[in-house]
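Thanks for coming. I will go through a few backbone details today. Please look at the sequence and the model first.

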Amino acid sequence: MVKSSRKLVGVSLLLVGGALTAACLDRPVSPLKPQTTNSVVFSLRQETIDKIDLLFMIDNSSSMGDKQDMLKRAIPKLVGRLVNPACVSDSGDRQNMASPDAECPEGYRREFKPLEDIHIGVITSSIELGLTPGSCGDGSLNDNARLIGTLPRGNHITTYQDKGFLAWDPKGKLDPPGEADADRLIGNVQEMVTAVGESGCGFEASLEAWYRFLVDPEPVHAWVNEGGKLRPDFVDEDLLAQRRDFLRPDSLLALVMLTDENDCSVIPKSGVNNLGVDTVRMPRASSACSVSPDDPCCYSCTDAVPEGCPATDAECSKGERLTQLEDQRNLRCYEQKRRFGVDYLQPIQRYVDGLTKPLIKDSSGREVQNPLFPQPSAGTFTRTPKTVLVAGILGVPWQDVVSTDDTCGDKADCVSSLPLGAPVSYLTAAELSANKRWEMILGDPTTGAPAQDPLMWESVEQRSGSNPVLRAPLVAANSNATPTSNPINGHEWNIAERNDLQYSCIFPLARPPADGFECKADQYNGQTLDKPICEQPDGTYTDQQTYGRAFPTRRELEVLASIEDAAVVASICPKEVSDEDSPSFGYSPAAEAIGDRVSGLLNGKCLQRALEVTPDGVSCKVVEATRNDSCGCDGSRGRKALNGDLDPIVRRQLKQNASCGAGTGVDCESYCLCEIEQARGETLSACLSEDAVDGFGWCYINEEATPQGKRFVQSCPADRRQLLRFVGDDTPQNGADVYVACRGVPTNE
């Protein structure tokens, strides 16, 4: 965090058709040293978005059937909201309409313009990782991050030009036209979810799968083992073709991950390929690893002792490799550095960079353009990190990531008074940070502090402690424990074979599976099972599974925590599974959270801090930076020449934001800088209160200072109900970089 009384705040300015736009300022970027007196500068970017590329990454390992079914039943709510958004009133009431062409009732307006250009695709978590052949069964389990509609089990679905994805095109603008029937579109998305199945690889590469499809400059088709060393076979040109067809440079990207286990995206290199071989034992870790995996004396006992570390180590003296009981093949993907002294998984930063950086490294280490963020073109919008949304429906208790009011209200004895009928409202990324929920579910990876919620600890042993939201203690495995002893995970269980992990959460199955694989005693060498998911109403344990379950999905959550406002976090363990009319049913709350985030991106965000309103307006200047053949500030369109003091500051910020300068091929002096004037007179009055406005300029809307514009900030969080609204065709110009300089607007963050 910048140690300063003032900071720059970067934002996206988003527009869906039409000429009215709203902007917000909510993310810190590098501070300038203004040459003007007592000024604070904010950065915006003008972006016109009229299309979405929606990609689902769905875990297709065993145990996912019940979760896929709930996602399938949430698709009408999620996709339906994009193609037919609700009408909302000034007070926030919502009404769903029969069609996107239907007029809203008096006093209502669409939350955003119905989208008429959407690509929808599905990939799975089963990809080639360079593991020894047979680690995940036969080759049919390797989907290689290709679209499900191109695979044998999904090619019966009618996709756009047989390209494997669906194209929503109600106005017939595509050539040839895409899908125009919303019901058929939704049905086909559900068919793709069904086609995913649950026979995929147990080494779920949930992160690498979407990275390979969306980002990897050279996605490898397969890895060949030559004398114990892996080499890439060849680049997957078919996948690259699918990416080119599916992913448009000017779309809003929405990525949705559905998985109930931690990511296992293996680095394909020599030695790693044995991770999936049951007959090969993994190395033992030195003693220091159990205390701190980042300790210089944490190493694999199969390696040489690092310089400066004791020559003899108590753990390594037990043998270079773990025993079979200590090293179950099923558990080779969690806490690897602590257990093995080496981490075989791709670093989290790989995926954070893929979602946030314009330049990434290819397989040879060279910096190349990130396919997700192509080079911008003058006067047109190209995707930026601010127009990427990543949602995770993951292994985390829903109680940890929803509003506390949804969970406990103002009840002192939360466990005994848990309001099961209350609707679930997931916290936004900003609210997760403000309420310190990331520390609750992840701890602090930089210091090694564990998650405050013990349910998010990955452990073979029984855990203890209490969930900090419900103040509900974890319950040990015992004859009196029931699946409701703890309202989140039932109770711990004895994992005698040390071949499974304790659960982060469980939920009743509305449709128990015919094959209760999770409860088969032969999977555990005949041991007596005391899994809460196998417990019957009479307290006995049978091979009939009665509850679904999830494990802590820490790596996926670490990525979401690192991308800030681009993230949506939801639980794969639903609150309600029986009443489909309940707003808390299945993944309906997750669909609502994703829809809310899309709506926020399409309508603009909201200012973190209120601006000072004076009788003369707001003491701020808005600067529009464009790349045109000629530079002119058209007064008839609300522009005027920029004050000279701001010129060098804005050009320096353009360079700092990588809009020009080294590596961009764009000369910063080539930008034309004009000030967009504040709206005045009748234009100002209309800007503050009317949908249709004549004239050009901008106005500042604040719920308290300008109550006549209250309805324009209703979608903002309660603590950020203020924004800038622009009026007039092409104001600011599409593709423009925009900066706001205000006098004396300090922040304390």
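Does Ser63 count as buried or exposed? Ser63 counts as buried, because its relative accessibility is 14%; buried means under 20% relative accessible area, exposed over 50%, and partly exposed in between, with a 1.4 Å probe and protein chains only.

Before going on, a word on where this comes from. This is a predicted model, in which local features need pLDDT of at least 70, side-chain atom pairs count only at pLDDT 80 or more, and totals for chains, interfaces and linings use all residues. Residues are numbered from 1 along each chain as its sequence is written, and side-chain values use heavy atoms, with hydrogens and water left out.

Back to Ser63. Ser63 is not a glycine, yet its phi is positive, about 85°. Ser63 sits in the loop between strand 6 (52-58) and helix 1 (65-83). Helices (H or I, at least four residues) and strands (E, at least two) are DSSP runs, numbered from the N terminus.

Lys436 also is not a glycine and has a positive phi, about 55°. Where is Lys436 found? The loop between helix 9 (429-434) and helix 10 (437-442) holds Lys436. With 53% relative accessibility, Lys436 counts as exposed.

Now the cis peptide bonds. One joins Asp175 and Pro176, with omega about 0°. Pro176 lies in the loop between strand 11 (166-168) and helix 2 (182-196). The bond from Thr731 to Pro732 is cis too, and its omega is near -15°. Pro732 is in the loop between strand 29 (722-727) and strand 30 (737-743).
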